[in-house]
Amino acid sequence: GAGHGRKALVAELLAGELARHLGLPVPDLVLVELDGALAKAEPDGEIQDLLERSAGTNVGLDFLPGALAFAPAIGPAPDPELAAAVVWLDAFTTNVDRTARNPNLLVWHRRLHLIDHGSALYIHHSWKDPAEHARRPFVQVRDHVLLPFAASIADADARLAPLVDRELLERLTAAIPDDWLPPEDGLPDPDAHRRAYMDYLAARLRARDAFVEEADRARVA
């Protein structure tokens with residue numbers, strides 16, 4: 001798997017494709033088979049190590065030529081409804097890595113594009129009490145880089161939540177390659193992993209009032 005681990009790939013695929021389904025701008029994602037032999041031609045030792053450990057099925061992201069990293073102080077200022085939708089997505093998927101320090105946003109043709117969702121769904125690093133975790137607000141939303149630009153998160157929820165159902169979650173989790181889902185305690189096979197992701201996201205959607213209200217409180221503050 002990837003140098004950052006298989007779970008980062010799962011989070012990238014699930015959160016990225018969920019964003020696309022919601023109509024948010026995400027560069028195309030594809031599955032890519034990376035040959036470990038590529039590392040032999042890389043002179044930088046750190047990158048060579050990552051390439052060696054990344055042999056196998058990875059996520060490829062469409063290259064956006066000329067894109068620049070989003071900088072809140074420079075702009076362009078994002079559309080308030082788009083900003084609210086991104087905040088909603090990241091609170092739903094518990095993405096802790098879209099802050100002013102590391103926005104994980106590109107500006108291409110003056111339009112925001114979302115990248116790098118590998119830190120989302122961090123529950124899967126332990127799967128400890130997922131039902132209880134799904135009901136929690138997302139307090140890290142206060143550090144979200146787009147929160148100062150966002151319109152009502154409750155209004156975003158009214159637009160986006162009806163677009164997510166069990167059928168969608170089944171389709172997204174079915175796309176996770178089996179070799180990203182090795183056996184672990186309580187999850188003996190890939191299908192058990194897929195059910196865990198589906199159940200967690202479905203439970204989080206049912207309990208979304210907690211993270212929506214938390215986000216709007218942080219936005220007003």
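Me: In this predicted model, why does F211 count as buried or exposed?

Reply: F211 has 1% relative accessibility. Buried means under 20%, so F211 counts as buried.

Me: How do you know whether F92 is buried or exposed?

Reply: The value for F92 is 0% relative accessibility, and the cut-off for buried is under 20%, so F92 counts as buried.

Me: What makes F92 and F211 an aromatic pair, and which kind is it?

Reply: Their rings are 6.2 Å apart, centre to centre, and a pair needs centres within 6.5 Å. The planes stand at 25 degrees; under 30 degrees counts as stacked, so this pair is stacked.

Me: Which parts does the pair of F92 and F211 tie together?

Reply: F92 lies in helix α3 (residues 80-92) and F211 in helix α8 (residues 209-220), so the pair links parts 119 residues apart in sequence. Ring pairs also join W88 with F92 and F211 in a cluster.

Me: Why is the pair of W127 and Y197 called edge-to-face?

Reply: The ring centres are 5.1 Å apart and the planes are at 75 degrees. Planes over 60 degrees apart count as edge-to-face, so the pair of W127 and Y197 is edge-to-face.

Me: Where do W127 and Y197 lie?

Reply: W127 is in the loop between β5 and α4 (130-134), and Y197 is in helix α7 (residues 190-206). Both W127 and Y197 are buried.

Me: How do you know that β4 and β5 pair?

Reply: Four bridges join β4 (residues 105-108) to β5, and at least two are required, so the strands pair. They run antiparallel, and W108 stands opposite R111 in β5.

Notes. Residues numbered from 1 in each chain as written. Predicted model: local features only at pLDDT ≥ 70, side-chain atom pairs only at ≥ 80, totals over all residues. Heavy atoms only, no water. Phe/Tyr/Trp six-rings, centres within 6.5 Å; stacked < 30°, edge-to-face > 60°. Buried < 20%, exposed > 50% of the residue type's maximum accessible area, 1.4 Å probe, protein only.
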